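Try each task before reading its solution.

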Amino acid sequence: MVTPFGNYISGKTLPHRLDPRVKLVCTAMIFSAVLIIGKWVGLIPIAGISLVFCLISEQTLAQFVRDAISLSFLYIVTVALHSVLTPGDPLFSIAMGISVTVEGLEKGVFFAFKIVCLAILAGLILRTTHH
């Protein structure tokens, strides 16, 4: 059964039993950390925390992948804009003097990964919190 992004799935796990206010505060702290982090190494603990909560929430991996894929257009736009707007060593030229830079691609992929982390965490919180 395909569950749309954000639909509650009942369960008896720790994330399901946590008070919604606690989940809201924890989510705000983790989201803030993701937005502040400026290097790949800083995202490792966030990815680890996310993975632990995904595992103990007894949701399927496919649900989290669908959550992440649902925002694929945003990832494409993020990478594309960073690729052409970030100055650096040109990888190749598109047209009218617009170049895709190595630094732009790196920055775009980094920010797209941050958005993936946020999407997975948002999906986890929404799936485990009954309104």
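**Exercise 1.** Does Arg127 count as buried or exposed, and at what relative accessibility?

*Solution.* This is a predicted model. Arg127 has 0% relative accessibility, so the residue counts as buried. Next, look for its partner: Asp67 makes a salt bridge with Arg127, with the closest N and O atoms 2.7 Å apart. The two sit in distant parts of the chain, Asp67 in helix α4 and Arg127 in helix α6, 60 residues apart. Asp67 is buried too, at 1% relative accessibility.

Arg21 pairs with Asp19, and here the closest N and O atoms are 2.9 Å apart. Arg21 is exposed at 61% relative accessible area, while Asp19 is partly exposed at 29%.

**Exercise 2.** Find which residues of helix α4 (residues 61-69) are buried, and where they lie around the axis.

*Solution.* Start with the buried set: Gln63, Phe64, Asp67 and Ala68. They cover an arc of only 135° around the axis, so they lie on the same side of α4. Leu61 and Ile69, on the other side, are exposed. Finally, check the neighbours: the buried residues of α4 pack against α3 (40-56), α5 (72-85) and α6.

**Exercise 3.** Describe how helix α2 (residues 20-36) and helix α6 (residues 102-128) are arranged.

*Solution.* Their axes come within 10 Å and cross at roughly 175°. Angles over 145 degrees count as roughly antiparallel, which means α2 is roughly antiparallel to α6. Residues in the contact include Phe31 and Val34 of α2 and Leu118 and Ile125 of α6. By class, the contact residues are eight nonpolar, two polar and two charged.

Note on methods: Residues are numbered from 1 along each chain as its sequence is written. This is a predicted model: local features need pLDDT of at least 70, side-chain atom pairs count only at pLDDT 80 or more; totals for chains, interfaces and linings use all residues. Side-chain values use heavy atoms; hydrogens and water are left out. Axes are lines fitted to C-alpha atoms, for helices over the stretch in contact, and angles run from 0 to 180 degrees between N-to-C directions. Helices (H or I, at least four residues) and strands (E, at least two) are DSSP runs, numbered from the N terminus. Angles under 35 degrees count as roughly parallel, over 145 as roughly antiparallel, 65 to 115 as roughly perpendicular and the rest as oblique. Contact means heavy atoms within 4.5 Å. Ala, Val, Leu, Ile, Met, Phe, Trp, Tyr, Cys and Pro count as nonpolar, Asp, Glu, Lys and Arg as charged, and the others, Gly among them, as polar. Buried means under 20% relative accessible area, exposed over 50%, partly exposed in between (1.4 Å probe, protein chains only). The arc is that of the directions from the helix axis to the C-beta atoms. A salt bridge is a side-chain nitrogen of Lys or Arg within 4 Å of a carboxyl oxygen of Asp or Glu.
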